[in-house]
Amino acid sequence: MAALRPHLNNAPAREALIDIKFEPHIPLEVVRRFAEQATPHFEKRTELFDAFFGFTPDGSATTANQTLTGWRLDCQRTHYVLMCRVDSFTVSRLSPYGRWEELREEASKWWNTFLDMASPSVVTRVAVRYVNAIKLPLPLESFEEYLSCPPRIPNELPQAASAFIQRVVLPDEARNCTSVVTQALEESPVRQGNGDSITVLLDIDVFRSTRIERRRFGELWGALDELRDQKNRLFFSHLTEKTLEMFI
């Protein structure tokens with residue numbers, strides 16, 4: 001089981017994030033004040049927009065209308081990213097990844113600061129997402145060496161693949177969550193030490209639709225811990241032992 005797996009000292013996470021969606025939408029000015037208060041702890045602040053496309057009667061797209069919905073704050077020193085919109089709150093850790101407890105603590109700190117200024121009534125969705133970059137050495141005889149669910153090509157066809165993407169949505173009623181697992185091959189081989197390698201992205205997004213009222217917001221972190229455990233199950237079940245040995 002994933003819970004028994006050792007900590008990976010060289011975890012392949014390119015980005016790991018905690019995401020919280022809430023109702024009702026909070027005023028943009030409140031989001032602005034929160035971003036301004038948090039800015040001294042980050043090195044870069046950028047605006048976030050939602051784009052809306054219109055269509056003419058003949059079906060062609062018209063110019064998109066952009067609406068400012070929040071801000072993104074980046075810190076290269078700590079590798080953390082904070083994003084807050086009128087309807088969502090996200091904290092992510094970029095590579096190099098540390099530990100789940102560190103990401104959880106960082107998200108909890110900024111969430112509590114956000115709640116001091118904002119007044120969302122209900123959390124409607126919580127999610128944990130990990131985008132893993134699995135570097136595989138070339139030459140590669142078969143993806144089955146490294147992936148437990150590799151892309152499959154009919155035997156009568158050439159077995160070389162220069163690109164692939166596969167996406168599976170896994171509802172789990174027992175654990176009250178849905179997981180979206182995407183595997184994709186980045187198309188350009190890269191030079192790695194004395195040889196070439198290719199990168200397979202293993203993107204695991206685990207979320208739960210919920211209705212948690214503000215007086216029960218403390219329950220969010222237990223729910224996120226459960227989603228992270230499910231992410232671990234999926235991560236370890238999609239990789240072979242040969243692959244995992246590269247990250248210990």
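The accessible surface of the protein comes to about 13,800 Å², of which 49% belongs to carbon and sulfur atoms; such areas come from the Shrake-Rupley method with a 1.4 Å probe, and for residues only the protein chains shown count as cover. This is a predicted model, in which local features need pLDDT of at least 70 and side-chain atom pairs count only at pLDDT 80 or more, while totals for chains, interfaces and linings use all residues. Residues are numbered from 1 along each chain as its sequence is written, and side-chain values use heavy atoms, with hydrogens and water left out.

**Whole chain**

Display the cartoon to begin. The secondary structure comprises four helices and 10 strands, where helices (H or I, at least four residues) and strands (E, at least two) are DSSP runs numbered from the N terminus. Along the sequence, the pattern reads β-α-β-β-β-β-α-β-β-β-β-β-α-α. Of the 248 residues, 44% are buried; buried means under 20% relative accessible area, exposed over 50%, and partly exposed in between (1.4 Å probe, protein chains only). Among contacts (heavy atoms within 4.5 Å) between residues at least 6 apart in sequence, 69% join residues at least 24 apart.

**Helix H1**

Select residues 28-38, which form helix H1; Val-30, Val-31, Phe-34, Ala-35 and Ala-38 are buried there. These residues lie on the same side of H1, because they cover an arc of only 135 degrees around the axis, taken from the directions from the helix axis to the C-beta atoms. An α-helix has 3.6 residues a turn, so residues three or four places apart point the same way.

**Thr-69**

Within strand S3, select Thr-69. This residue is buried, with a relative accessible area of 7%. Thr-69 and Phe-49 are 20 residues apart in sequence, yet their C-alpha atoms are 5.4 Å apart in space. Leaving aside residues up to four places away in sequence, Thr-69 touches Leu-28, Leu-48, Phe-49, Asp-50, Cys-84, Arg-85 and Val-86.

**Aromatic rings**

Show the side chains of Phe, Tyr and Trp. The count comes to 13 aromatic pairs; rings (for Trp, the six-membered ring) pair if their centres lie within 6.5 Å, and planes under 30 degrees apart count as stacked, over 60 as edge-to-face and the rest as tilted. Phe-34 and Phe-89 form a tilted pair, 6.5 Å centre to centre with 50 degrees between the planes. Phe-34 lies in helix H1 and Phe-89 in strand S5, so this pair ties together parts 55 residues apart in sequence. Both Phe-34 and Phe-89 are buried.

Move to Tyr-97 and Tyr-130, an edge-to-face pair at 5.4 Å centre to centre and 75 degrees between the planes. Tyr-97 lies in the loop between S5 and H2, and Tyr-130 in strand S6 (residues 122-137), so the pair ties together parts 33 residues apart in sequence. Tyr-97 counts as buried at 16% relative accessibility, as does Tyr-130 at 2%.

Finally, select one aromatic cluster: Phe-22, Phe-34, Phe-42, Phe-89, Trp-110, Trp-111, Phe-114 and Phe-217.

Select strands S7 (residues 165-172) and S8 (residues 177-185), which run antiparallel and are joined by eight bridges; two strands pair if DSSP finds at least two bridges between them. Asp-172 stands opposite Cys-177 in S8. Four residues separate the strands of this hairpin, and Asn-176 in the turn has a positive phi of about 55 degrees.
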